[in-house]
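Welcome! Please take a moment to look over the sequence and the 3D structure before reading on.

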Amino acid sequence: MTFDGTRALTVGDYVTSSSGPHAGELGPWSRVVAAVGIPPRSKAMKMIFVLYGLSWLVIALAFLLRASWAWLAMFVASVATLWYLPVGTLFGLIQLVLLLRFLVHPD
């Protein structure tokens with residue numbers, strides 16, 4: 001998300017397919033954000049991508065370093081990623097299952 005948002009801010013658009021029936025189209029996530037009133041190609045959405053991606057990187061590093069707050073932050077971030085259809089939804093669900101598994105069985 002950090003890469004795609006930064007690229008969109010500097011080049012003007014997100015990485016999209018350059019050929020085929022969906023050339024230039026954004027993923028299903030764009031309909032989700034449009035439904036809540038955020039234009040998917042707006043500067044605001046691009047900034048959300050950058051900030052959210054950077055937040056994920058900080059949380060992942062804190063989790064690796066076993067910061068006391070990192071498990072909860074990763075749980076919240078995983079839930080918040082479910083809107084990012086289809087990839088974020090899949091990874092968010094996998095991450096939630098793994099986080100809950102390690103909460104019950106921390107070894």
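## Two helices side by side

Helix α1 (residues 2-11) packs with helix α3 (residues 43-64) at an angle of about 150°, and their axes are 7 Å apart. Helices here are DSSP runs (H or I, at least four residues) numbered from the N terminus, and axes are lines fitted to C-alpha atoms over the stretch in contact, with angles from 0 to 180 degrees between N-to-C directions. The pair is therefore roughly antiparallel, a term for angles over 145 degrees.

This is a predicted model, where local features need pLDDT of at least 70 and side-chain atom pairs count only at pLDDT 80 or more, while totals for chains, interfaces and linings use all residues. Residues are numbered from 1 along each chain as its sequence is written, and side-chain values use heavy atoms, leaving out hydrogens and water.

## Who touches whom

Contact means heavy atoms within 4.5 Å. On the α1 side, Thr-2, Asp-4, Gly-5, Thr-6, Ala-8 and Leu-9 take part. From α3 come Lys-43, Lys-46, Met-47, Phe-49, Val-50, Gly-53, Leu-54 and Leu-57.

Just after α1, Gly-12 has a positive phi of about 115°.

Ser-42 sits in the loop between α2 (29-35) and α3. With a relative accessible area of 16%, Ser-42 is buried. A polar atom of the Ser-42 side chain lies 2.7 Å from the backbone oxygen of Pro-39.

Terms used: Angles under 35 degrees count as roughly parallel, over 145 as roughly antiparallel, 65 to 115 as roughly perpendicular and the rest as oblique. Buried means under 20% relative accessible area, exposed over 50%, partly exposed in between (1.4 Å probe, protein chains only). A polar contact is a pair of N or O atoms within 3.5 Å; within protein, one must be able to donate a hydrogen and the other to accept it, and residues adjacent in sequence count only if both atoms are side-chain atoms.
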